[in-house]
Amino acid sequence: MHRHGVRQMRTGWADGPEFVTQCPIRPGGSYTYRFTIQGQEGTLWWHAHSSWLRATVYGALIIRPKEGDSYPFQKPKRETALLLGEWWNANPIDVVRQATRTGAAPNVSDAYTINGQPGDLYNCSSKDTLIVPVDSGETNLLRVVNSGLNQQLFFKVANHKLTVVGADASYVKPFTTSVLMLGPGQTTDVLITADQPPTRYYIAARAYASAQGAPFDNTTTTAILEYKSAPCPAKGAKIKPVMPTMPAFNDTATATAFTTSFRSPRQVPVPTNIDHNLFFTVGLGLNNCPPGASRSTCQGPNGTRFTASMNNASFVLPSNFSLLQAHQQGIPGVFTTDFPANPPVQFDYTGNVSRSLWQPIRGTKLYTLKYGETVQLVLQGTSIFTAENHPIHLHGYDFYIIAEGFGNFNPSRDTTKFNLVDPPLRNTASVPVGGWAVIRFVADNPGVWLLHCHLDVHITWGLAMAFLVENGVSELQTLEAPPADLPVC
């Protein structure tokens with residue numbers, strides 16, 4: 001179980017991803033997560049971090065100001081957490097197992113949900129659509145979480161403006177928008193004022209699908225913002241809510257306008273003297289099947305198997321020990337520390353990529369950082385097979401997103417775009433489709449920390465790596481000892 005976005009300072013054993021910081025909890029077993037939340041306020045969430053179990057195992061984690069403190073905005077009359085999810089008619093574990101067996105892309109979801117309910121536009125759930133009540137004139141706080149497994153989502157409330165005040169449990173410089181775009185893992189806190197004629201308005205979410213030609217769930221989930229002073233309908237009648245006009249599923253311009261609007265509320269301490277200048281390519285690939293392989297296991301494009309990688313390394317989880325356990329106990333043979341700081345081969349990342357570069361190398365490779373070192377990481381999307389927006393999440397850390405753009409990152413040109421004054425502090429960055437994002441952080445939390453795409457099908461295929469952050473010199477710079485009830489493999 002992972003508390004997404006919690007820093008877990010020195011408590012990596014409580015982070016939760018299977019075979020990274022712990023072995024999975026066995027059926028009928030138990031494990032107590034012990035950690036302290038410090039210096040974070042706002043909306044995070046928790047979810048299972050084993051295979052695709054988080055399809056249904058997730059919830060909101062709300063961190064309120066300390067007693068005596070207040071929000072940096074007028075206190076809302078009420079707060080509502082809205083968790084956007086995906087629903088499969090099949091067992092999601094069967095869906096991913098079938099994809100792993102065949103090498104093909106998994107089936108897409110059958111519906112999206114808001115707090116577990118698909119909403120009015122699906123026949124099965126119109127009676128159970130979530131109602132969010134409001135009084136005319138009041139300002140409320142909506143805590144929006146994309147808990148979906150494999151899909152970025154646009155979010156709107158019909159006829160209402162949204163003032164963004166927080167994201168990933170950090171406050172932001174407020175800005176007003178009519179639409180949000182959240183990648184899986186991201187949270188956004190918005191103020192909404194009930195300033196429209198009193199009636200019923202749809203809250204709606206639908207796909208932002210940036211991968212050209214790839215299938216996606218083209219449905220829309222809804223909840224209802226209902227003014228309590230709305231006139232009562234005639235007996236037996238229903239007032240049909242007002243529907244927002246949603247962006248087109250491939251509206252990258254709207255997604256980009258939203259993601260580039262974020263700023264920290266004030267000047268922030270962005271690391272400037274960089275110890276590790278890293279460049280990671282992120283994207284999909286295809287593995288050729290070995291001679292004699294069954295066609296039933298090679299159902300990707302042209303008889304291949306889908307895969308994914310960072311810097312041409314497709315991440316493989318261990319199975320006998322967790323990475324953190326192997327590091328802390330000095331167990332050999334579980335991982336290597338040779339994850340490349342740069343792509344092994346430079347190429348036109350977002351152009352036509354040679355097929356010789358489509359096949360990554362499988363392995364469990366980590367990158368080592370000394371305690372206190374500073375990191376700049378360029379996340380470069382690739383067009384191997386298809387370009388796509390990738391929500392990249394770093395465990396154990398928040399980071400500053402100092403720039404993003406399209407095409408291939410060019411240091412001589414694109415460093416002029418760096419915001420070193422008030423960039424947003426996030427834990428999940430949306431790397432633009434066919435583009436790049438640059439993040440910076442200080443390695444001040446010892447342990448083994450997963451960096452991965454939060455589209456679960458991509459982490460299943462290997463779009464991940466892990467940082468090994470060494471202990472510092474004092475107790476407060478050292479990983480705590482593992483708890484006695486840590487699960488064994």
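These legends accompany close-up views of a predicted model.

**View 1. A three-stranded open sheet with antiparallel pairing.** The strands run in the order β1-β2-β3. If you zoom in on β1 and β2 (residues 42-47), you will find three bridges joining them in the antiparallel sense. Here H4 stands opposite W45 of β2.

**View 2. The largest pocket, with a volume of about 870 Å³.** Its lining is made up of 32 residues, and T100, L317, I459, T460 and W461 lie nearest the centre. Two or more lining residues come from each of α1 (92-102), β16 (304-310), β17 (313-315), β26 (447-453) and α5 (456-461). Among these elements, α1 gives the most, with five residues. By residue type, the lining of the largest pocket divides into 14 nonpolar, twelve polar and six charged.

**View 3. The second largest pocket, with a volume of about 510 Å³.** Look for V108, A214, P215, E388 and V457, which lie nearest the centre of this pocket, out of 27 lining residues. The element giving the most to this lining is α5, with three residues. The lining of the second largest pocket holds 16 nonpolar, eight polar and three charged residues.

**View 4. A salt bridge between D422 and K173.** The side chains meet at 3.1 Å, N to O. D422 belongs to the loop between α4 (411-414) and β23 (425-426), while K173 is in strand β10 (residues 170-177), so this pair ties together parts that are 249 residues apart in sequence. D422 counts as buried because its relative accessibility is 13%, whereas K173, at 37%, counts as partly exposed.

**View 5. A salt bridge between D338 and K365.** Here the N to O distance is 3.2 Å. D338 lies in the loop between α3 (323-329) and β18 (361-363), and K365 in the loop between β18 and β19 (366-369), so the pair ties together parts that are 27 residues apart in sequence. With a relative accessible area of 42%, D338 is partly exposed.

View 6. D414 is buried, with a relative accessible area of 0%, while R413 is partly exposed at 45%. In total, the structure holds 16 salt bridges.

How values were computed: Residues numbered from 1 in each chain as written. Predicted model: local features only at pLDDT ≥ 70, side-chain atom pairs only at ≥ 80, totals over all residues. Heavy atoms only, no water. Pairing = 2+ DSSP bridges. Helix = DSSP H or I, 4+ residues; strand = E, 2+ residues; numbered from the N terminus. 1 Å grid on protein atoms, 1.4 Å probe; cavity = no way out; pocket = protein on both sides within 12 Å on 5 of 7 lines; lining within 4 Å. Points joined across faces, edges and corners; volume = space filled by probe spheres on them. Nonpolar A, V, L, I, M, F, W, Y, C, P; charged D, E, K, R; others polar. Salt bridge = Lys/Arg side-chain N within 4 Å of Asp/Glu carboxyl O. Buried < 20%, exposed > 50% of the residue type's maximum accessible area, 1.4 Å probe, protein only.
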